[in-house]
Structure formats: structure tokens, C-alpha cells
Amino acid sequence: MCVCVMRSLGLGTSDSSIGVSGFPQGPSGAFKISLSLISLLQTHTHTHTHTHTVSRSSRFSPLSLSLSLWCECVCLSVVMGKTELFSVFKSVLDCLCLCKAWAVKDDEEGHLIYRAGDVLQDRYEITQTLGEGTFGKVVECVDHQRGGSRIALKIIKNVEKYKEAARLEINVLEKINQRDPENKNLCVQMLDWFDYHGHMCLSFELLGLSTFDFMKENNYLPYSISQVRHMAYQICLAVKFLHDNKLTHTDLKPENILFVSSDYSVLYNAEKKRDERSVNSTAVRIVDFGSATFDHEHHSSIVSTRHYRAPEVILELGWSQPCDVWSIGCILFEFYCGYTLYQTHDNREHLAMMERIHGPVPSRMIRKTRKQKYFYRGRLDWDESTSAGRYVRENCRPLRRYMLCESEDHHQFFDLLEGLLEYEPEQRLSLSAALRHPFFSLLRDTEHFSGGRDISR
């Protein structure tokens, strides 16, 4: 029997390392037997060989693996002592762990290589890729420990700076979960997190498209004033919750505001002779807390994506929660018009656009800033006769001139925008005051008469 087992494992009987029992001796011998056992098990169980996991239908379970190993060890126990047998069994398990680690592959940018059907943590079965960013990728998964519910899994690159940012985001999300366990404040809910072979992974409730992606897929058709009103109210509520908990998001933009569901109806526009999408529900959630900063933490000098960056950030005057309020103003304008308010990538041009839309930069801000290179004799150093000057003059106009309709709710909306886009952070509208603005009176009345229903529905 011993010879048969040895031959099935691919071990000869004439090797000098073979002892009186007929098996290789010592640690190296145990390791050799272990590798052979694994090879034999792989043959019997048809292991999935594509990548770091095996498919749910084909992978061998810990139970079947243990039974297979036990059968082999029963044969070995005939000729081996308990110590030798334990050494072999331990080596087999060590080898299995090594094989799994070796099979995890990253691409040259640090992204985890995967395909549909792969399972992480014996729990998350990947079904499709939802998106990709500089941080990593987001995939849709079936969570087999949550009754097969579908979730979004954010897989961070195996790159230290992104891993550290993920750890900071996890800290923020855990704090949010602690302070809002029932998820009433419209911030995305983190369900779980884990480290998968150097990739920080965060699982979230599965949401729809971002407000930006929906608009992009709809040929940048702006949202209606009633849709803007509902989304604006939710955004102000969610960000006020962050501010009340001494947090600044710092990266608010349409890409980071997701619909709970992006299902839509198609309506035909006879005037423009085209089909247009209208989202069925404007319930939204705030996402991406990778740059969120507590009041007591270090504040980096530059925050926010360019188009949504507040003037105090550009001028490096220091920032706090009001920089989020400015971003919200820019976002709401984009929802209303279908394009960004400040289409630029240059600080000086950005300031010139602000002056064209909002009037001169306040002298106090000019005196205080270290960025004096943008100013001359207390005024913005800007030549309107240049090509850049003509571009700003032709593409920017005073804020109220962007109004699409002269009705009362449009006037109220632009009055709200003016408060959100006030130059001076100290004079900028607070979110508490914004939520009391007449533009939202219709929603407040509906809330009151419906007995305080969930405004996100």
C-alpha cells in the first residue's frame, strides 16, 4: 500500500532521503509530500486556475479538502508516526496558503486582477465592474452572507498612498455609521471592510448612477427645477449632518452624488425631435469620503475638484465647512443648466470668471492672500484683450443672466445660489439657513403635511 501511495504522489522509492518507512524524511521531505498531495487534490477537485479565487460552483470547500486530506493521511498513518504525520499535514496547509497568495495578481497600476464569478473572502461574488478611478475600482457583488443581496465593493489599488486614504475613509464612514445607525442622513452606508492581499476593500449599499453620469448619458440635459429642488434639499441635509459632526467633505461634485435608483422614463421632445430621459426618483446619497476631514485634523492647502473649488481655497486663505457650501452652489448650477459654471483649469482665469459672474474679489481677501501674483494694485491682474480674456467675456455673464425662466421658483433658486456662492466664507449662507430658504418651502410644507415623511423618497 505504501508503494502505491508513494507512486500516486509521484515519489520514488530509491531516493537517498527515503527512510525505513519508505517516505522522504525531515521537513524537506514533508514539504515534498505536501506539494504532491496538493497536486493530487487539484486533479481530483478540478480547481479553477484563472486567478486568485475559484468560482462558487467549482471551488472545493474546507470540508471536502479536509476529508480528502484525511483519506490521504489515513494511508500515510500506516507507515508514519504521529509527529511525522502532523508535519506533513501542517506543510500541506502552509502550501495551500502560499498557493492562494501566489495566485493573487495585480496589474502594473496596482489594480486587483479579477473576473466575473470570482469570490472574495468566501462571501463576495463579483458580477460586473461598475466604475474605475485613480483609487481603484468599484464592482457589483452578490453578498452570500446577506441572503444573496447585491452590494457595491470598492477595491483599492495595492498602492500605499491609496491604501492610507482608504483607511482614513473607513474611519470617517465608521464614525458616520455610529452617529447615524439608521442611515437617515443620506450619506452612503458602509456595510463592511477588509484587507484582501494588500487591497483595502469597502462594501456599500448598491446605488444607481451618479447625477453626473445620468446627465451625461442624457446628452447633458439639465434637470427640471422641481428635480433640482428635491436633490438640493437632500444634499444640504446630508452635508449639514457632516458639518454638525465637525466634518468637511471637501470633494463635493455631481460624480459624488448618486441616485438611489437611476431608473428612468423616456419622454419624446417634439420641439427638439428626440427622446429624453427623466429619472423616476430623485432620491440621492452622498458618497466618497476619502478626502473628508475632521475639524481637528490637518487641513491640506488645496482641496476640492477644480470646478467646485471655493475662492478661499484658490487664494490659500484656509478653509473649513463653508468650502462645501460653495461646492454645493456650483453643483446646483450644473444641475440647472447642464454644464459647469467655471469651465477652467487655471487659477487666474478661474478668478476672472468669478469676477465676471459675481463681481470683484473682496479687497480683504486680496490683502490677506499670499497669492499676490494674481493681483496688481489691489485688483485682479487680468487682461481682457487677450484670447483668454475674450473667452471669459464671451462665456461668462452675471449669475442672474443664466436664469432659464422668470417664474417665482426660478428667482428663488437664483437667490439661494447667490447666498451659497458668496465670496467671503463668513458671509456665505450656512446650510441651516439654506434649508429655511423660500426655495424649499414647498418641500417643507409637504414634509409637514405628510407627518415628517422621509424627504429622500
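Here, buried means under 20% relative accessible area, exposed means over 50%, and partly exposed is in between (1.4 Å probe, protein chains only). This is a predicted model, where local features need pLDDT of at least 70 and side-chain atom pairs count only at pLDDT 80 or more, while totals for chains, interfaces and linings use all residues. Residues are numbered from 1 along each chain as its sequence is written, and side-chain values use heavy atoms, leaving out hydrogens and water.

**View A. Helix H13 and its cover.** Helices (H or I, at least four residues) and strands (E, at least two) are DSSP runs, numbered from the N terminus. H13 has 13 residues and reaches 19 Å from its first C-alpha to its last, close to the 18 Å expected at 1.5 Å a residue (the expected span is 1.5 Å times one less than the number of residues). Its buried residues are His410, Gln412, Phe413, Phe414, Leu416, Leu417, Gly419 and Leu420. What lies over them? The cover includes H7, helix H9 (322-337) and helix H14 (431-435).

**View B. H7 against H13.** Helix H7 (residues 225-244) packs on helix H13 (residues 408-420) at about 35°, with the axes 11 Å apart. Axes are lines fitted to C-alpha atoms, for helices over the stretch in contact, and angles run from 0 to 180 degrees between N-to-C directions. The crossing is left-handed, the term for a near helix turned anticlockwise from the far one by less than a right angle (right-handed if clockwise). Ile225, Val228 and Arg229 come from the H7 side, and Asp409, His410 and Phe413 from the H13 side; contact means heavy atoms within 4.5 Å. Sorted by class, that gives 3 nonpolar, 1 polar and 2 charged residues. Ala, Val, Leu, Ile, Met, Phe, Trp, Tyr, Cys and Pro count as nonpolar, Asp, Glu, Lys and Arg as charged, and the others, Gly among them, as polar.

**View C. Inside the largest nonpolar core.** A nonpolar core is a set of buried Ala, Val, Leu, Ile, Met, Phe, Trp, Tyr and Cys residues joined through side-chain atoms within 4.5 Å. The largest one has 90 residues, and Phe289, Ile328, Leu332, Phe335 and Phe413 have the most contacts inside it. Apart from it sits another core, of 14 residues, including Tyr124 and Cys141.

**View D. H10 meets H12.** The axes of helix H10 (residues 347-358) and helix H12 (residues 387-395) come within 10 Å and cross at roughly 35°. This crossing is right-handed. Glu349, Ala352, Met353 and Arg356 of H10 meet Ala388, Tyr391, Val392 and Arg393 of H12. The contact divides into 5 nonpolar, no polar and 3 charged residues.

View E. Tyr233 belongs to H7 and, at 6% relative accessibility, counts as buried. Arg436 is 203 residues from Tyr233 in sequence and 9.9 Å away in space, C-alpha to C-alpha. Ser210 sits in the loop between strand S6 (199-205) and helix H6 (211-217). Ser210 counts as buried because its relative accessible area is 6%.

**View F. Two loop residues with positive phi.** Most residues other than glycine have a negative phi. Gln121, in the loop between strand S1 (119-120) and strand S2 (124-132), has a phi near 60°. Glu316, in the loop between helix H8 (311-314) and H9, has a phi of about 55°. Gln121 is partly exposed at 39%, and Glu316 is partly exposed at 23%.
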